[in-house]
Amino acid sequence: MTGFIIRRLLQMVPMLVAIALLIFVLFSVIPGSFATGQQDEGLGLDMAVVTRMRLELGLDDPLHVRFGKYVAQLATLDLGISFRSRQPVADMIGARMWPSLILTAAAMGFAIVIGVPLGFVAALRPGSLVDLGLMIVAVSGLSLPKFWLGILLMYLFALTLGWFPSFGYGDGGLYHLTLPAIALGVSPMALLARTTRAAVLDIMNADFVRTARSKGMNEYRVVVWHVLRNALVLVLTTIGLQFGSLLGQGVVVEKLFAWPGIGSLLVDSVFQRDIPAVQGCILVISLFFLVINTSVDIAYKLIDPRIRYT
Amino acid sequence: MSGANMPLLSVEDLHISLTTDAGRFPAVDGVSFTIARGETVGLVGESGCGKSITALSIMGLLRDPLGLAGGKIKLSGQEIQNLPASQLRALRGKRIAMIFQEPMTALNPLKAVGTQIAEMFVLHQGASWREAESKAVDALTQVKVPAPAQRAKDFPHQLSGGMRQRVMIAIALACEPDLLIADEPTTALDVTVQSEIVDLMKELCAARGTAILMISHDLGLVTDTCKRVCVMYAGRIVEQQDSERIFNSPQHPYTQGLVASLPRLGMRARHGRRRLTEIAGVVPGITAYPVGCRFHPRCTRRTEICETVVPELTALAEGSLVRCHHHG
């Protein structure tokens, strides 16, 4: 087991390099230059300044040398200096990390706590009113754009009812967290409900469930002893994929609710052409995805003995 | 009937229907048979003739779109087909147990096999998990699994097909049931393992006085295992005979076809070189059973009456039964 975890963690290294390469190449091929990009609209550019910056940033080096330097820089956890604030990007992201993490975790928590049981109940009574209601909730949840759902939530719970604030981080407590977390969590909740329903229905028709019934078990025991864990293996995939991408999906919601997370930092940095900050944000969001995926793989191994060491 | 003569299981005029959008179809149509205590009875027929659903109906495990449409199932004289779910559950596993065809999918892939056996003791004997787990090791010993204490901790995917089927037998016989229903127990296994499993089943059941209802498409296997054989075709029993006689004097044209299609040891020495013959045609689907005798489209002896009138089950000598207008 320990060997499996170590190997799985080591596999992250080449993935990280690949991500760094992709980000690096992407920012090397987009039009414009690091140097001119720092000037507003390229107006009144002083060529002397541009030349000095090209030298300073090493932009005249060959591509592979620059990539080498970039990776070396990343290896020391240095994400560069922001063009705008002149602060280290690592510090800027560090300050935004916690709000983003609690928002993502809260949204995922909401999705799991509501979505999985809903899917379960629907699967145990297929074709019932509960099942039908769930399908309606799931389809609507998947089709509502997050920004629009966010505005609806703001209108209802902040403006009309006044239960929650319409925006802001406050002290990061539930009071401020609830609305953005729901706005972000509804779509993974809907997806999880549907996946869970499908997984449970699938398992309920498995041969070993028939064996369990032939042993004389009541349905409650059949579900708890035999269906639950098998369905969880299938649901875990969806949980992992959703959780991993949620930090990136948070961009819209963070912006909408003025949540001081990585998503809003990313959007602001894009508008300000703050390339080191943009690179840093993308890197951290990708890293998060990677970490979640690796954790899910390890969780698989814990739940399902059939998973082999690879 | 007095207690001594009362059969362990009696299935009387069993009807099972298949409900589809196109209507209700008789999947099993008037099946009757009995099994005495400790007796071994075989149910033979091609795939799709209703053997397995007959077995599932005895277990009370029919699920939509299949449902009981009539008839009685009696266990020691007590009708069980309409028992409430809780009472039926108390019978299942304890008095009637079942072994399924595919031991890989019939076992939960995420539970150690020992635990899956132990469940029986927890469910029916109120044992604690710890007690039950140690009884499970005993059960594995009885089905002759080597190193049972270690194997109990294994997961199904770590065992071979034969070992898995032994685990299934251990589960089925854990509570010493009165009746064991074995639905194609060896079909998914290698030929060499098949006879081991069948012998093991016979031996353990004989020692416990457990009756066996053996379901198979393999007439040879069933006659080797069972004292009496019922041949099913398209949802009806067409012939019932003692195993010893059915090979030498099959009465129904379908049974005769089955016998003629089987290679048998010593045949060539006794009767000279002969071709194995097949039965022309295929089993009709449940939604398309023919009128009259359901075998008539494939039958070489068919006459006009076969196409309109359902033949009755006719009693022959020695307790044999046949359902054919032109038997013999």
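A polar contact is a pair of N or O atoms within 3.5 Å; within protein, one must be able to donate a hydrogen and the other to accept it, and residues adjacent in sequence count only if both atoms are side-chain atoms. The model is predicted: local features need pLDDT of at least 70 and side-chain atom pairs pLDDT 80 or more, while totals for chains, interfaces and linings use all residues. Residues are numbered from 1 along each chain as its sequence is written, chains are lettered from A in the order in which they are written, and side-chain values use heavy atoms, without hydrogens and water.

Chain B is assigned domain 1 (9-95 + 177-322) and domain 2 (101-176), with bounds from an automatic or database domain assignment. Their contact (heavy atoms within 4.5 Å) takes 24 residues from domain 1 of chain B and 17 residues from domain 2 of chain B.

The two domains of chain B bury about 1700 Å² between them, 63% of it on carbon and sulfur atoms; buried area is the accessible area (1.4 Å probe) lost on putting two parts together, summed over both. On the domain 1 side, Pro177(B), Leu200(B) and Arg208(B) lose the most area, together 29% of what that side buries.

Between these domains there are six residue pairs in polar contact, both residues at pLDDT 80 or more. There are also three salt bridges, each a side-chain nitrogen of Lys or Arg within 4 Å of a carboxyl oxygen of Asp or Glu. Glu196(B) forms a salt bridge with Arg166(B), their closest N and O atoms being 2.9 Å apart.
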